[in-house]
Amino acid sequence: MDYEGISSAYKKALETDSFKVHNDFLNVLLQDSSAEGMERHYAYFNETDNDDLKRILGKGFLKRGDGGLSFLLEKLGNEADSLVKSDIIHLIGLTYDKKHLPAIVPFLKDDDREVRCKAVIVCGWLGDAEAVDVLKAHYPSEEVGLLRGFTVSAMRQIYFRHSETKDEIVDFIRTCLPEETDEEALAIMIVVLQELTKVKYGLKENPCSGEVSGDVAKAKCKILNL
C-alpha cells in the first residue's frame, strides 16, 4: 500500500474503536519490515490519541519478532520523551523475557516518576531471584512513597514465579517497615506481607483495582508488636 493509502487507513482507524479496523491497519504496517516501515509504525504509535489503537499498535511491535524488539530497545536508549520511554518499557515488559531486564534496570534511576514506575513494574514482570536484590537496592533511594510500595509489589510478582524468594522478601519487608512513614507505601507492603505469610493484619486489597482498605497505622502496630 502506498503512503496515501496508509494515511487514509490511519485516519479511518483513528475515528473508530473497532478492533477489526485497528487490527487491519496494524497488519498493513506489518507488511513493511524495512527500517522506514518500522519508523512509520513507531510514528503512528506515538502520534495517536486513540487509546485502543495505541494499544494494538504497541503490541504490534512484538509481532515483528526480534527485529521489533531490537528496534524498541534502540529507541529506548535514545528517546528523550518520558511518556514515550515509559510506553516502550511497558511494551518490553510484555515479552515476559528476562533477557531484556538489563535494558530496563537503568531506568529505575530515571528523573521522571512515570518512567521509574514502569521500570519497577517491568522488573517485577521480567525478574527472577536476582532481580529481588535489584529492587531491594532501589527501595531506599526511591523518594516517592507510592513507588517504594510498588517496588515491594514488584517483588511479589517475582515471588509468584519464584517461590524460593519468599523468605528474602518477607525479611526485607519486616526490616523496612519500622522506618517507613508513607501510608501508601505501608499499605502495599503490609498486603504483600499478608499474602506471603498468610497472616492477616486487617488490610484488604481489591483484586481488580489494587486499592487497599483498612487501618494502616493499626496494621503496622500489630506487626511491630509481634
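Analyst: We start with helices, which are DSSP runs of H or I with at least four residues, while strands are runs of E with at least two; both are numbered from the N terminus. This is a predicted model, where local features need pLDDT of at least 70 and side-chain atom pairs count only at pLDDT 80 or more, while totals for chains, interfaces and linings use all residues. Residues are numbered from 1 along each chain as its sequence is written, and side-chain values use heavy atoms, with hydrogens and water left out.

User: What span should the twelve residues of helix α6 have?

Analyst: The expected span of a helix is 1.5 Å times one less than its number of residues. For α6 (residues 82-93) this gives 16 Å, and the end C-alpha atoms are 16 Å apart, which agrees. At the start of α6, a side-chain oxygen of Asp81 comes within 2.9 Å of the backbone nitrogen of Leu83.

User: How many residues of α6 are buried?

Analyst: Buried means under 20% relative accessible area, exposed means over 50%, and partly exposed is in between, using a 1.4 Å probe and protein chains only. Nine of the twelve residues of α6 are buried, so the helix is largely enclosed by the rest of the structure. Among them are Val84, Ile88, Ile89 and Leu91.

User: What covers the buried residues of α6?

Analyst: Here we look for contact, meaning heavy atoms within 4.5 Å. The cover includes α3 (35-47), α4 (51-60), α5 (66-78), α7 (101-104) and α8 (113-126).

User: How many salt bridges does the rule count?

Analyst: A salt bridge is a side-chain nitrogen of Lys or Arg within 4 Å of a carboxyl oxygen of Asp or Glu. The count comes to 15. One of the pairs is Lys75 with Glu39, whose closest N and O atoms are 3.0 Å apart. Lys75 is in helix α5 and Glu39 in helix α3, 36 residues apart, and the pair links distant parts of the chain. Glu39, at 36% relative accessibility, is partly exposed.

User: How far apart in helix α4 are Asp52 and Arg55?

Analyst: They are three residues apart, which means a separation of about one helical turn. Asp52 and Arg55 form a salt bridge, with 3.0 Å between the closest N and O atoms. Asp52 is partly exposed at 31%, and Arg55 is partly exposed at 47%.

User: Is Asp110 buried or exposed?

Analyst: Asp110 is buried, with a relative accessible area of 15%. Its salt bridge is with Lys85, at 2.9 Å from N to O. Asp110 lies in the loop between α7 and α8 and Lys85 in helix α6, so the pair ties together parts 25 residues apart in sequence. Lys85 is also buried, at 10%. Elsewhere, salt bridges that share partners join Asp32, Glu36 and Arg40 into one network.

User: How many aromatic pairs are there?

Analyst: Rings of Phe, Tyr and Trp (its six-membered ring) pair if their centres lie within 6.5 Å; planes under 30 degrees apart are stacked, over 60 edge-to-face, and the rest tilted. The count comes to ten aromatic pairs. Phe25 and Tyr44 are edge-to-face, at 5.4 Å centre to centre with 70° between the planes. Phe25 is in helix α2 (residues 19-30) and Tyr44 in helix α3, so the pair ties together parts 19 residues apart in sequence. Phe25 is buried at 2%, and Tyr44 is buried at 7%.

User: Which residues form one aromatic cluster?

Analyst: Tyr42, Phe45, Phe61 and Phe71 do.

Conventions. A polar contact is a pair of N or O atoms within 3.5 Å; within protein, one must be able to donate a hydrogen and the other to accept it, and residues adjacent in sequence count only if both atoms are side-chain atoms.
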